[in-house]
Amino acid sequence: MKQATNALESAASLIPQGAACAVLCKAVVLVVSLLGFAAQSVAECRITMRWDDDAPYFFPQLGHVAGIDADISREIMQRMGCNLSLVKLPWARALVELREGRIDMVSGAHRTPEREKYAYYASTVPTVSPNLLFIRRSDRAEFRFSGLREVLDSGFRLGAQINVSYSEEYSALVQDSRYRGNIEYTSRRDSLWRMLALNRIDGVIADKLTAMHEIQALGLSDRITHSSMVVSNKKAHYIFSKESVSPEFVADFDRALEAMQNDGTYSAIVHRYVCPSCRDMPD
């Protein structure tokens with residue numbers, strides 16, 4: 001800046017005083033305007049994202065929001081030169097706020113025709129975390145089932161959360177009166193893990209990363225593991241409000257997320273919350 005000012009002053013000495021004043025003033029205004037525009041561009045990149053209690057993706061820790069999605073999103077925003085604000089909202093409310101442009105970004109969204117009307121979908125998809133059937137380690141060697149109907153027909157005691165749909169097949173089977181005696185419902189998944197460890201049920205369906213986090217936290221990694229059965233494997237995307245975010249921003253987001261996957265940052269964040277030493281968990 002000092003060198004630019006000196007250059008302007010030198011040029012001004014070759015111009016009559018009145019003209020020099022006009023030229024110098026215009027130059028100063030131009031420089032200040034450019035600096036102000038640059039500062040404004042940085043300040044305007046402020047993104048608001050939804051979160052809610054859903055470990056290991058989001059959870060409160062020591063006065064701030066931690067978790068896989070929280071840290072990945074912060075890293076992407078940092079690489080893009082943006083500021084990130086997290087707002088706690090339940091899922092249904094978050095989609096309304098996104099549609100109206102009052103928040104900018106939501107993670108973990110499945111693709112639906114309705115959401116495509118008001119949201120852009122990131123093309124780069126984070127590592128898919130499927131719903132798996134978890135069982136006791138002592139039962140794994142004998143597990144030979146390939147589908148939920150076959151599992152329930154065997155008399156298998158399945159633990160499930162109330163009002164949760166794990167897959168289309170699951171939703172259809174729970175309506176079949178023949179299987180009502182096979183399913184034990186509870187509102188809390190931590191209760192299901194304890195019931196499984198105590199042999200009160202035979203299996204629990206859960207998101208892979210969520211299960212790994214919870215089983216580790218309960219000290220049950222040596223007693224519970226995943227089976228070979230993938231119950232569902234839908235991709236979950238980042239989505240962005242069409243009211244507040246441009247397609248160019250989404251393209252930049254995709255490039256930043258892909259770069260994190262390629263340089264190992266994404267994997268490092270996942271293993272920050274999901275113990276890499278937990279045995280036999282699928283990639």
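A residue is called buried here when its relative accessible area is under 20%, exposed when the area is over 50%, and partly exposed in between, with a 1.4 Å probe and protein chains only. By that definition, F59 is buried, and Y273 is buried as well. The structure is a predicted model, in which local features need pLDDT of at least 70 and side-chain atom pairs count only at pLDDT 80 or more, while totals for chains, interfaces and linings use all residues. Residues are numbered from 1 along each chain as its sequence is written, and side-chain values use heavy atoms, with hydrogens and water left out.

**Aromatic pairs**

- Across the whole structure, a search finds seven aromatic pairs, where rings of Phe, Tyr and Trp (its six-membered ring) pair if their centres lie within 6.5 Å, and planes under 30 degrees apart count as stacked, over 60 as edge-to-face and the rest as tilted.
- One of these pairs is edge-to-face and joins F59 with Y273, at 5.7 Å centre to centre and with 85° between the planes.
- Because F59 lies in strand β2 (residues 59–61) and Y273 in helix α11 (residues 265–273), this pair ties together parts that are 214 residues apart in sequence; helices (H or I, at least four residues) and strands (E, at least two) are DSSP runs numbered from the N terminus.
- F134 and W193 also form an edge-to-face pair, with 5.6 Å between centres and 85° between the planes.
- F134 belongs to strand β7 (residues 131–136) and W193 to helix α8 (residues 189–197), 59 residues apart, so that distant parts of the chain are linked, and both F134 and W193 are buried.

**Nonpolar cores**

- The largest nonpolar core has 34 residues, and those with the most contacts inside it are I72, I76, Y238, F240, F249 and F253; such a core is a set of buried Ala, Val, Leu, Ile, Met, Phe, Trp, Tyr and Cys residues joined through side-chain atoms within 4.5 Å.
- Elements giving two or more residues to this core include β1 (46–51), α3 (68–80) and β12 (237–241).
- Another core, of 18 residues, lies apart from it and has L133, I135, F156 and L173 among its members.
- Ring pairs also link Y238, F240, F249 and F253 into a cluster.

**Around R255**

- R255 is found in helix α10 (residues 247–263) and, at 51% relative accessibility, counts as exposed.
- R255 and I76 are 179 residues apart in sequence and 9.3 Å apart in space, C-alpha to C-alpha.
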